[in-house]
Amino acid sequence: MTMTTHGIDPTAPIAVVGMSCRFPGATHPVGFWNNLMSGTDSVGTAPQGRWEQWLGDGPAVPGTPVTQGGFIDGPDTFDAGFFGVARREAEHMDPQQRLLLELAWQALEDAAVSPSTVHGAPWGVYVGACADDFRTQYLAAGRLDRFGHMGTSRSLLAGRLSHHFGLHGPSEVIDTGQSSSLCALHRAVVSLRLGECEGALVAGVNLNLLPEVTEQVRLWGGLSADGRCRTLDERADGYVRAEGGGCVVLKPLDTALRDGDHVYAVVRGSATNNDGGRCGLGVPSHDAQCEVIRAAHRTAGVTADQVAYLELHGTGTPVGDPVEARAVAAVIGRQRPQADPLRVGSVKTNIGHLESAAGIAGFIKACLAVHHGQLPPTLHHHRSPADLPLGDLNLRVIVRPEEYTFGADDVVGVSSFGMGGTNVHVVLGPPPAPGPAHGRDPVERPDAVLCLSGRSREAVRALARALLDHPLPARSPSVADVAWTLVQRAQWEHRAAVVGGDWEEIREGLHKVVAGHDLAMPAGWTQGADPGRIAAVGAASSYVCTGGIADVTRHLGPGLRKVPGLPTYPFERDTFALPRPVRTTATTAPATQPAPVPDGQDATGSLLDEWTRASTPDRLWLIRSFLERELLTVLGEAGSSPLRIDPDHTFNDLGIDSMSLLEFQERIVSATSLAIPESALFDHPTINELAAHVNTEMEAIRG
């Protein structure tokens, strides 16, 4: 990937080159788009156990319990091993942090950007978030742990991504309420245009873990009685809460085109402002919404007649919807021919209101609409209110799927408004028409090598199954395009390769990988004298045996395009139970979990006696085993299937933080009675080196 330093260009177009999501009813953008186009209502009943346990005594005001919402599956699950996170740390980490790690990885894979190519680069991270449900649960449960300090800090929603991927650009968490994630996108666009970063991860996240928060919104009067959002409909009576997250990868358009990236859409302009007391707190301002749309249009250099579609904030509240509709009509609807009303809609009717992640949900929907050349229907809309005639406003709600060919000058608007008055509007459009790729050979190659890798054999098979289930067209993208996209990904220790010249041969090979084969090729390919096929099989064999991805890259050659929307890494998630509150009385102090007593305190004599009795060659092995066991205990990994620690890897490479090392050092001192200073773990930064040091110290004292 080409990395360049950009100067200041306040109008530079910004490309969306990758995306990921976990929304109600969808675990990836392909599923999300299918749900939108089929008119699927992804709002349902709260999962069992989610809103049944209160921190307090229950609702303060009698009323029908809220049971409807938009929910994702498994917010308590996470592939900790994949991200090098110890189990103890993962248990005390906000699941929003865990979800964002997975979404960021998936978005980079969708963009065909290997994390190794951006490590150390000035890439920014911008996260929109406003909920602290897990932190509230964690503190109320009273079982505190040192990992909980950073694990529950909202700033780490962005900071952990920057840390894990080694990104050196700005790292910000933006909280403007319900407009947080679209405001985060605006911040990223501005940062890219100022040259503060060369690329950016932009995300929004929201998890609804506490029934008290939903009850509070009900008391405020914002929720729909039957749990359905009816944007601009006469029956609109509020919104339904939802959860999930989305992430997009941004680059300056010229960089994206130079890198051969697929571009979903191009951000042409954005703006933000605040109501600033023009109405009551929490009441939207018509004038402020008009101003923010006009400001975004000025930045984008567009006029009202160019707006093909507008993704509304559209919560379905009887106060907010009329204000937004009239503002949109004033700036766009009434500024265009009456015969061409502005098409509008809202994703909240499909998945609910994701609050701090609502903006990124609407933005991803808009990008996919541009990408596919289609406009999805808005649900639950039958007739506008009598006092809000949409015909007079020159607005038209999309109620059934529509085909739309986006021209070069067409744009889509996305709005998001926070209850504190922060308004955001973003303008995006289609990418430039593809031309001949500079320096690339467009000749089709009939012999492709698909490289699949994972941290386990099951992960490799799962990826093969996902590719089999993926709806790939017969001709475009080509087999070679998909192969080229897969070789851009990070490579792991378990590998499989599929060789073929068309989709029928590739699918046959994928079935073989699912069945347990590491190398799959059409029958007879090794028997002929076709040099292309022999080269393909050789490159595939090299990859499977040695991880020689360079051989496959050379074989595929130039002239290939990155394919969006392919299945991403199949995470192997474990469950990390959410904290539960401890019931207390006025005379009973909250229960706290005492600090773990180092195992060595009760076993000092045992360890020393065992070391004294051991032969000289066995003493080093004994100390090394002790150190591995103690470190696993510190990390919360001791058990039937503990994490494997490579004794030659440094503690830093193993992802062990300084606080864990301090606890590790205390356990060593307690068990050995040696005066091992904290610096010893930095001077001897591997298990093997530390074991040799401890053993030498033991021999010097005990002989």
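Analyst: One term first: pLDDT is the predictor's confidence in each residue, from 0 to 100. Residues are numbered from 1 along each chain as its sequence is written, and side-chain values use heavy atoms, leaving out hydrogens and water. This is a predicted model, where local features need pLDDT of at least 70, side-chain atom pairs count only at pLDDT 80 or more, and totals for chains, interfaces and linings use all residues.

User: What share of the residues reach a pLDDT of 70 or more?

Analyst: The mean pLDDT of the protein is 90. The share of residues at 70 or more is 92%.

User: What radius of gyration does the protein have?

Analyst: The radius is taken over C-alpha atoms, and the globule rule is 2.2 Å times the number of residues to the power 0.38. With 703 residues, a compact globule would come out near 27 Å. The protein agrees with that, at 28 Å.

User: How many helices and strands are there?

Analyst: Both are DSSP runs numbered from the N terminus, helices being H or I with at least four residues and strands E with at least two. The protein has 25 helices and 20 strands.

User: Are H17 and H20 roughly parallel or roughly antiparallel?

Analyst: Axes are lines fitted to C-alpha atoms, for helices over the stretch in contact, and angles run from 0 to 180 degrees between N-to-C directions. The axes of H17 (residues 479–487) and H20 (residues 549–556) come within 10 Å and cross at roughly 150°. Angles under 35 degrees count as roughly parallel, over 145 as roughly antiparallel, 65 to 115 as roughly perpendicular and the rest as oblique. H17 and H20 are therefore roughly antiparallel.

User: How many of the residues in the contact of H17 with H20 are nonpolar?

Analyst: Ala483, Trp484 and Val487 of H17 meet Ile549, Val552, Thr553 and Leu556 of H20. That contact has no charged residues and 1 polar one, and the nonpolar count is 6. Here Ala, Val, Leu, Ile, Met, Phe, Trp, Tyr, Cys and Pro count as nonpolar, Asp, Glu, Lys and Arg as charged, and the others, Gly among them, as polar. So, by that sorting, the nonpolar number is 6.

User: How do H23 and H25 lie to each other, roughly parallel or roughly antiparallel?

Analyst: The axes of H23 (residues 658–672) and H25 (residues 687–702) come within 12 Å and cross at roughly 30°. H23 and H25 are therefore roughly parallel.

User: How many charged residues are in the contact of H22 with H25?

Analyst: H22 (residues 616–634) packs on H25 at an angle of about 125°, with their axes 9 Å apart. H22 and H25 are therefore oblique to each other. Their contact includes Arg619, Arg624 and Glu628 of H22 and Glu699 of H25. It divides into 10 nonpolar and 3 polar residues, and the charged ones number 4.

Note on methods: Contact = heavy atoms within 4.5 Å.
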